[in-house]
Amino acid sequence: MNEQDMLVLKGIYLAPYIQVATVLIGKQRYSGGNMFRHQIDTMGILIDYGYIDGVLLKASLVHDVIEDIPDFNHNDLLQIDSESGQVYDLVMEVTRREGEDKPSFLKRISEHGSQKAKILKCADRISNMISLGFVTSPSFIERYCDETEYYILPMALNVNFDMYQELIQLIISRRRYLEDSGFLSKKHNNPEIK
């Protein structure tokens, strides 16, 4: 990170958003850990890729709060600072809508999402793919790899080639694990099966 980015990052007031995200402490993830840590991981991935943008980093810290905390009062988010409205809009862009299935949700972001929504979703998926190392359900891992390949890779290719390459490596490593464990489905072992 260059000196200018360090100065910009120093000026981004993240503490109130971290405080909001603490409502996710104790909310378990299927892959282990809790949702609060996932928010922090997602922010770390964005910083690692050089995204020193206040709205994006703040949204990464609270991107699952509205979806995962049913009684969350969104006004608590809207009153934090002058960027709260933009943060809220970005969070809503990457939040599944009522009745929206996972493929439709991912397709919506891929085809109609803002640049920031796509970047945030890619960082979110990198965090999720890394967490798959702790998942023991082969069908879940396979489905997640398929979703990532079909929906997230085109997004990543559109916004950040380095994220795209990392996601490819994560897919390869997870599928290699499934193959080495004898769990890879016939559709991936036989290209004629669709």
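In this predicted model, Leu77 is part of helix 6, which spans residues 74–78. With a relative accessibility of 1%, Leu77 counts as buried, and, leaving aside residues up to four places away in sequence, Leu77 is in contact with Tyr17, Val62, Ile66, Phe72, Ser84, Val87 and Tyr88. Between Leu77 and Phe134 there are 32 Å from C-alpha to C-alpha, the two residues being 57 apart in sequence.

Val135 is located in the loop that runs between helix 9 and helix 10, the latter covering residues 138–159. Val135 is likewise classed as buried, its relative accessible area being 4%. When residues up to four places away in sequence are set aside, the contacts of Val135 are with Tyr30, Ser31, Phe140 and Ile141. Relative to Pro103, from which Val135 is separated by 32 residues in sequence, the C-alpha to C-alpha separation is 21 Å.

The packing of helix 8 with helix 9 was examined next. On the side of helix 8, the contact involves Lys102, Phe105, Leu106, Ile109 and Ser110, which meet Ala117, Lys118, Lys121 and Arg125 of helix 9. By residue class, this contact of helix 8 with helix 9 is made up of 4 nonpolar, 1 polar and 4 charged residues.

With regard to cysteine pairing, the model contains 0 disulfides, a disulfide requiring two cysteine sulfur atoms within 2.5 Å. For Cys122, the closest cysteine sulfur is that of Cys145, and because the separation is 15 Å, the two sulfurs are too far from each other for a bond. Viewed from Cys145, the closest cysteine sulfur is in turn that of Cys122, at 15 Å.

As to the confidence of the prediction, the pLDDT averages 91 over the protein, and 94% of the residues score at least 70. Over residues 189–194, however, the pLDDT is below 50, and this stretch makes 4 contacts in the model beyond its near neighbours in sequence.

Technical notes
Residues numbered from 1 in each chain as written. Predicted model: local features only at pLDDT ≥ 70, side-chain atom pairs only at ≥ 80, totals over all residues. Heavy atoms only, no water. pLDDT = per-residue confidence, 0-100. Contact = heavy atoms within 4.5 Å. Helix = DSSP H or I, 4+ residues; strand = E, 2+ residues; numbered from the N terminus. Nonpolar A, V, L, I, M, F, W, Y, C, P; charged D, E, K, R; others polar. Buried < 20%, exposed > 50% of the residue type's maximum accessible area, 1.4 Å probe, protein only.
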